[in-house]
Amino acid sequence: MTSGERIRIPATEYPIEQYRLDNGLKVVLSPDREVPVVGVAVVYNVGIRTEPEGRTGFAHLFEHMMFQGSENVAKFEHMNLIQGAGGTLNGSTHLDYTNYYEVLPSNALELALFLEADRMRGPAITEENLANQVDVVKEEIRVNVLNRPYGGFPWLKLPPVMFDTFPNAHDGYGSFEDLDAATVADAQEFFDTYYSAGNAVLTVVGDFDADEAKAMIAQHFGDVPARSAPDRPDIDEPDLDQQRRESYVDPRAPLPAISAAWRVPDPNGELTAYLPYVVLSELLTDGDASRLVDRLVQKDRTATSIGGYLGFMGEPFSVQGPTAFVLQAHLPPDGDADKVMDTMDEEFRRLADDGVDDSELARIKARIAAQVLRDDDSVMNRALRISTAAALHGDGEIANSMVRQLGEVTAEQIRQAAATLTPNRRASIEVIPGEKNE
């Protein structure tokens, strides 16, 4: 195979049918009669980067509110009904979307549709529910950020170094002050603005008959009030033209750490330019044979671990707008963050100058494809991937073509991507172990 030749990786061929209800709700159906379960996902185009200024953490807080009951479903009943039917459920908040999902035996599909439609009409937004969930979110922040070593590193700590605008730079978990200031009126306005049928995607994957599912969807979602999707706020901002670096003391961190990030093309609209960075991150940090693990951890021993990924929440295919290629490394007690970053720069230059050989590139892309395909064995993972593709890219079929497009990334594209990872475009945050570890 000649240098730069594209390596053929087969695309998935899940059947996908897409349509809209009169109220604006986008529906994506992907039947698979070979599995005994069905997955239902509802994705709303609202996330951390959409929440209003002065209401940090509101997107996550409202995710909690959606589990507090609705017009025909009492508090905790949604969970009890799904689990009583033998299913599981959850929801999660992301930079650019929020999702809710269930996986159940296939004969319980209508139950999930009824429950999701009922809370799409309106959750129980009350003083009691809001106060309870503010307390729950604050405790989550204490457990996951304030009282944990490396809490918020780097996903909360690095964006304000790299970005200047509120949508991209603020703390998505939220400040206690903003959370305590939230009112029922704020919550109702947030729901009315962002939780409209026209701002949502409903996806059903698994063992169901498409015609029967359409009838049930029409029955349960057809009378959800029609409200159009809100205008998406402008979250773009210029790339860096000079290095930014900050540090902070973490009293609970046992070892120093460093994380660095570089802007990459927006996958929503620039997918072809973005995908080489997905491959590059794996080439640099995935497995003992990867470039930076081999150099920093095994040979130089200047780092105890290193990882790389796309997007501050590690979701390469579930982001739109300004995003980044992120590296993070933990160092030995006497570790030198400057030396680690200098070594990163050396490896980037070596890739930019010498490129990557075909066998290494084939191995990396095969590993990425295998991971995506293995994840798709789960009906729930497949439903979420199709649903976010439909929500963020406007087309659920992209979930089918993504693996094939990764296979088309060339060695020359990798070389060009590596050449952009220069110090003047880098933002970094260093963790300094605090007094408790001295």
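How are helix 1 and helix 8 oriented to each other?

**Entry 1: the model.** I worked from a predicted model, in which local features need pLDDT of at least 70, side-chain atom pairs count only at pLDDT 80 or more, and totals for chains, interfaces and linings use all residues. Residues are numbered from 1 along each chain as its sequence is written, and side-chain values use heavy atoms, with hydrogens and water left out.

**Entry 2: helix 1 and helix 8.** I looked up helix 1 (residues 58-65) and helix 8 (residues 184-194), which pack at an angle of about 90° with their axes 11 Å apart. The two helices are therefore roughly perpendicular to each other (65 to 115 degrees; under 35 is roughly parallel, over 145 roughly antiparallel, the rest oblique). I noted that Phe58, Ala59 and Phe62 of helix 1 make the contact with Asp186, Ala187, Phe190 and Phe191 of helix 8 (heavy atoms within 4.5 Å). By class, this contact has 6 nonpolar, no polar and 1 charged residues. Helices are DSSP runs of H or I with at least four residues, and strands are runs of E with at least two, numbered from the N terminus. Axes are lines fitted to C-alpha atoms, for helices over the stretch in contact, and angles run from 0 to 180 degrees between N-to-C directions. Ala, Val, Leu, Ile, Met, Phe, Trp, Tyr, Cys and Pro count as nonpolar, Asp, Glu, Lys and Arg as charged, and the others, Gly among them, as polar.

**Entry 3: a salt bridge.** I found a count of 28 salt bridges (a side-chain nitrogen of Lys or Arg within 4 Å of a carboxyl oxygen of Asp or Glu). In one of them, the side chains of aspartate 180 and lysine 138 meet at 3.0 Å, N to O. Aspartate 180 lies in helix 7 (residues 176-181) and lysine 138 in helix 4 (residues 127-146), so the pair ties together parts that are 42 residues apart in sequence.

**Entry 4: the largest pocket.** I then turned to the largest pocket, which is lined by 28 residues, with Gly314, Pro316, Phe317, Asp375 and Arg385 nearest its centre. On a 1 Å grid over the protein atoms alone, a pocket is an open set of points where a 1.4 Å probe fits, with protein on both sides within 12 Å along at least five of seven lines; lining residues have an atom within 4 Å of a point. Helix 13 gives the most to this lining, with 6 residues. I recorded the lining as 10 nonpolar, 10 polar and 8 charged residues.
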